[in-house]
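Please open the model in your viewer and keep the sequence panel beside it. The tour below moves from one selection to the next and says what to look for at each stop.

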Amino acid sequence: MNPRDYTKDFSLKPHHAWLNVASEGPLPKKANEALQKAIEWKSAPHLLTIPKFQQVPLELKKTIATLLHVDKDDVILGNSATYGLHLLSNGLEFKAGDEIILLQNDFPTDILPWLSLQPKGVIVHQLKAREHVLTPGEIKKAINRQTKLVCLPYVHSFSGFKEDIAAIGKLCRSHGILLVVNLSQAAGAFEIDLSQWEVDAVVGAGYKWLLGPYGTGFCWIRKEVRQQLNYAQNYWISLMDETSLSAQGPIRLKDDHSARRYDVFGTANFFNYVPWAASIEYLLTIGLEKVDKHNQMLVDKIVDGLDRKRFDLISPRPKKERTNIVVFSHKEASQNTRLFESLRSKGFYLALWRNKLRVSPHIYNTDKEIGALLGALDQYGSK
């Protein structure tokens, strides 16, 4: 039985193989349809009733909670992965001498928010991994009594390697160290069950593997950690219900540390959140196991089909270690920019990061596209 062709669920242009979802994902048709309804609400505001206005963030929280296997009341809506990291870096109490461990050569999203703590005397270690990501052993060797937090990606953007979050979580928890994980290159690509991890917070972008509009993101912070946040952010939709809005007396600030208090301002952002919810629901309807199986079929074909005499594989070669991202380089690294441009001229859209090529196929890509990509790689430079 042939696998289902999901390309019909998207509006991608023929002869343009988008293999760069790790940077930006396309909207499914169902999300496009949801967006059109949201545009109708704004075009004729009488259609934008109060219940609709209130349900936009609530429905999205439910969808994200289902995706991550968490309580919807613990989901924080953001506009990026960076949003959640700033909640933590600005809201947690750090003092001079406290230490934070990060992965050197991680995407800047996971590094920049913590650097702002350095003027306060916080020591930020960008720890260089022996290979591409940090092992539990490397982290164990680096931590000490001053270590307060570790922040890592689940899937590394520049190599496709995966951190052992289960083991690192146990290590951090046993030492009273907070663990923050960026899921931007994982959520939407395969199943993630936060109930199986000992993590304190996760963040993620919504416009990559979750196929949402740009300017979408989420955060989940363990309740005990959320209650430690000292972050002045008071937004009326987050803090007031219909009863308090109708009252005419003085407004009083609640002592509220619920997740909704930390939602990004403008949570009824229907142009972004309505189609994003539809995109996540689309993936959930297919099933993350099926999505993962489809993606792994494509990844396996790329990894197994690369000519080892001409290309170096940066990502894991053992099948059990492969993720949803494949990074490789021409044996002559000086050829990579020219190769990237050659592939793009033939309709293959990859990413070129730090002079390495990155392929990130998703549910809308096909076996045929990958075969054509491998054919173009084989033809490159041939006479």
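Two strands count as paired if DSSP finds at least two bridges between them, and this is the sense in which strand partners are named below. Bear in mind throughout that this is a predicted model.

Along the principal axes the C-alpha trace spans about 80 × 55 × 35 Å, and buried residues make up 53% of the 383 residues.

Next, select strand E6, residues 178-182, where five of the five residues are buried, so the strand is largely enclosed by the rest of the structure. In a regular strand the side chains alternate between the two faces of the sheet. Here Leu178, Val180 and Asn182 point one way from E6, while Leu179 and Val181 point the other way.

Strand E5, residues 147-153, pairs with E6 in the parallel sense over five bridges, and the bridge partner of Leu152 in E6 is Val181. Between these two strands the chain crosses from E5 through helix H6, residues 165-174, to E6, and this β-α-β crossover is right-handed. Strand E7, residues 201-205, runs parallel to E6 and is joined to it by three bridges; the partner of Val181 in E7 is Val202.

Side chains of opposite charge can pair when their charged atoms come close. Select Asp74 and Arg226, which form a salt bridge with the closest N and O atoms 3.0 Å apart. This pair links distant parts of the chain, since Asp74 lies in the loop between H2 and strand E2 and Arg226 in helix H7, 152 residues apart. With the cut-off for buried set at under 20% relative accessible area, Asp74 is buried at 19%, and Arg226 is buried at 4%.

For another setting, select Glu59 and Lys62, whose closest N and O atoms are 3.6 Å apart in a salt bridge. Both residues lie in helix H2, three residues apart, about one turn of the helix. Glu59 is partly exposed at 33% relative accessibility, and Lys62 is partly exposed at 38%.

Finish with Asp367 and Lys301, a salt bridge whose closest N and O atoms are 3.0 Å apart. Asp367 belongs to helix H13 and Lys301 to helix H11, 66 residues apart.

Methods: Residues are numbered from 1 along each chain as its sequence is written. This is a predicted model: local features need pLDDT of at least 70, side-chain atom pairs count only at pLDDT 80 or more; totals for chains, interfaces and linings use all residues. Side-chain values use heavy atoms; hydrogens and water are left out. Buried means under 20% relative accessible area, exposed over 50%, partly exposed in between (1.4 Å probe, protein chains only). Helices (H or I, at least four residues) and strands (E, at least two) are DSSP runs, numbered from the N terminus. A crossover is right-handed if, with the strands pointing away from the viewer, the path from the first strand over the helix to the second runs clockwise. A salt bridge is a side-chain nitrogen of Lys or Arg within 4 Å of a carboxyl oxygen of Asp or Glu.
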